[in-house]
Amino acid sequence: MVNVESEKMAHGAKFDARGCPIMPPDLSAFDSISISFIDPYERCPVCNSGDLTSSHALDLNSEARVQWSRCRDCGLTFQNPRLSETSLRALYEHADYFGLHSNKNRAGAYADFLAFDPMRIKQGHRRITRIVELSGVRGGRLLDVASASGFFGVAARDAGFEVTCIEPHAEMAALGHEKYGLAFMVAQMEDCAFVPESYDIVTIWGAEGLFLHPVRSIQKLVDALRPGGILALNYHTHDHWIRRIFPRLMRGWNVVYTHTNRSFDTVLGKLKMELIAREIEWQTVTVDHVGRVLRITTSSHLKHVIVRVPVISMPLAVARKRES
Ligand SMILES: [Zn+2]
């Protein structure tokens, strides 16, 4: 499954003057986009430590290099300076995130994406069952953030929840709304207005780390939870040994920050959330998906093969909002 050539390339990364790896530009399609950044962070956005070190960098085009810092105290790795909201939006638009436009036949591309939804929905059923088991919250309003087609929303609705999805990709949201009849907010999560304390559960799958700020963005979601409400998500852990084998894991331009368990727990503490469980999940995915996550090339005959893998570097975390 692992293409040895692409792994060699990953190990052959160049290094900058401080010895930090610079990933080769693989996105020359971004040449036409003008890239801007916010002011650099002088302190860690999670724990406020000033003990920061360079982590890695990625050339987006001949002009723009995105750099990540690492906090030596809590271990958070974060874009520093972070790409501006305008640049992130332009990049997402340009990048064809769901691969819908790579196929000239638009309807065909949608069908392709949806072909694997039954598998994602099945995974969703396992997830919502586990969340209910762990939290004791058996029904009510559930907000699913970065929903794509709404596959998890379908599973949560089947389990008896009243579901709202958020998906900034308008075409994907329209597709999910049409196909499953789910309610979608079509916006970046940070631009949504939520009624305070109005949700029983908030879920985020595969998107923690893509928000604008590791504390303030999540705060917004916690504010939308009722006291005793549940935040359930998965997140990549930056310091996992698997990164030694797949160094390009979670190094895309859209990764704003990557947690360690320590930085994640610091965020929960700041937001008055109590961790109920952190556990390894098994996911049912296509070989193609594994390749994209690990940023390796997979053989084209194996692309659509379905495998069940333990996602060892990406725990499921379930946390409860304190009552007072
Ligand atoms: Zn820190």
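This is a predicted model: local features need pLDDT of at least 70, side-chain atom pairs count only at pLDDT 80 or more; totals for chains, interfaces and linings use all residues.
The secondary structure of the chain comes to 10 helices and 15 strands, and among contacts with a separation of 6 or more, 68% are between residues 24 or more positions apart.

Let me begin with a pair of helices. Two packed helices are described by the angle between their axes and by the distance between those axes. Here, helix α4, residues 117-135, packs with helix α5, residues 151-158, at an angle of about 50°, and their axes are 8 Å apart. Angles under 35 degrees count as roughly parallel and those of 65 to 115 as roughly perpendicular, and α4 and α5 are therefore oblique to each other. Their crossing is right-handed. On the α4 side the contact is made by D117, R120, I121, G124, H125, R127 and I128, while α5 brings F151, F152, V154, A155, A156 and D158. Sorted by class, this contact of α4 with α5 has 7 nonpolar, 2 polar and 4 charged residues.

Now to helix α9, residues 261-270, where I would ask you: which residues are buried? They are S263, F264, T266 and V267, and because they cover an arc of only 155° around the axis, they lie on the same side of α9. What covers the buried residues of α9 includes α7, residues 216-223, and β15, residues 316-321. Finally, α9 is followed by K272, whose phi is positive, near 55°.

Methods. Residues are numbered from 1 along each chain as its sequence is written. Axes are lines fitted to C-alpha atoms, for helices over the stretch in contact, and angles run from 0 to 180 degrees between N-to-C directions. Helices (H or I, at least four residues) and strands (E, at least two) are DSSP runs, numbered from the N terminus. Angles under 35 degrees count as roughly parallel, over 145 as roughly antiparallel, 65 to 115 as roughly perpendicular and the rest as oblique. A crossing is left-handed if the near helix is turned anticlockwise from the far one by less than a right angle, and right-handed if clockwise. Two residues are in contact if their C-beta atoms, placed from the backbone, lie within 7 Å. Ala, Val, Leu, Ile, Met, Phe, Trp, Tyr, Cys and Pro count as nonpolar, Asp, Glu, Lys and Arg as charged, and the others, Gly among them, as polar. A residue is buried if 20 or more other C-beta atoms lie within 10 Å of its own, exposed if 12 or fewer, and partly exposed in between; C-beta atoms are placed from the backbone. The arc is that of the directions from the helix axis to the C-beta atoms.
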